[in-house]
Amino acid sequence: MTNQTFHWQGHAIPFRTGESLAAALEAAGVVSFGYGPLGEETRYFCGIGACQNCLLRVDGLIREACITSARPGMQVEALEKSND
């Protein structure tokens, strides 16, 4: 049973103990993590932290979503703010 959540762009995302941010976001249907500083779309890709394609801002610090364990109450955002 999942009763823990972190916050992605202001939305509560449930996760299981030991699950990475990327796995929890994917399970919640989030397939794009926004855009990087060069305008490239970021997403879950390699799963081992090598490609740096899943960079997110986690509690104000830049982290790889695929190797960062989810913790209750984390504030997770896209690296770059959308201009929408």
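Trainee: Is phenylalanine 15 buried or exposed, and what is its relative accessible area?

Mentor: Buried means under 20% relative accessible area, exposed means over 50%, and partly exposed lies in between (1.4 Å probe, protein chains only). Phenylalanine 15 has a relative accessible area of 1%, so it is buried. Keep in mind that this is a predicted model: local features need pLDDT of at least 70, side-chain atom pairs count only at pLDDT 80 or more, and totals for chains, interfaces and linings use all residues. Residues are numbered from 1 along each chain as its sequence is written, and side-chain values use heavy atoms, with hydrogens and water left out.

Trainee: How many aromatic pairs does a search of the whole structure find?

Mentor: Rings of Phe, Tyr and Trp (its six-membered ring) pair if their centres lie within 6.5 Å. Planes under 30 degrees apart count as stacked, over 60 as edge-to-face, and the rest as tilted. Here the search finds two pairs. Phenylalanine 6 and phenylalanine 15 have ring centres 5.9 Å apart and planes at 40°, so that pair is tilted. Phenylalanine 6 is buried too, at 0%. The other pair, tryptophan 8 with phenylalanine 33, is edge-to-face: 6.1 Å centre to centre, 65° between the planes.

Trainee: Where in the chain do tryptophan 8 and phenylalanine 33 sit?

Mentor: Helices (H or I, at least four residues) and strands (E, at least two) are DSSP runs, numbered from the N terminus. Tryptophan 8 belongs to strand β1 (residues 4-8). Phenylalanine 33 lies in the loop between α1 (21-27) and β3 (55-58). They are 25 residues apart, so the pair links distant parts of the chain. Both are buried: tryptophan 8 at 8%, phenylalanine 33 at 1%.

Trainee: Which residue in β5 stands opposite tryptophan 8?

Mentor: Two strands pair if DSSP finds at least two bridges between them. Two bridges join β1 to β5 (residues 75-78), and these strands run parallel. Valine 76 stands opposite tryptophan 8. Valine 76 is also the bridge partner of valine 58. Three bridges join β3 to β5, and these run antiparallel.

Trainee: How many residues are in the largest nonpolar core?

Mentor: A nonpolar core is a set of buried Ala, Val, Leu, Ile, Met, Phe, Trp, Tyr and Cys residues joined through side-chain atoms within 4.5 Å. The largest one has 19 residues. Those with the most contacts inside it include Phe6, Trp8, Phe33 and Val76. β1, β2 (11-15), α1, β3 and β5 each supply at least two of its residues. α1 gives the largest share, four residues.
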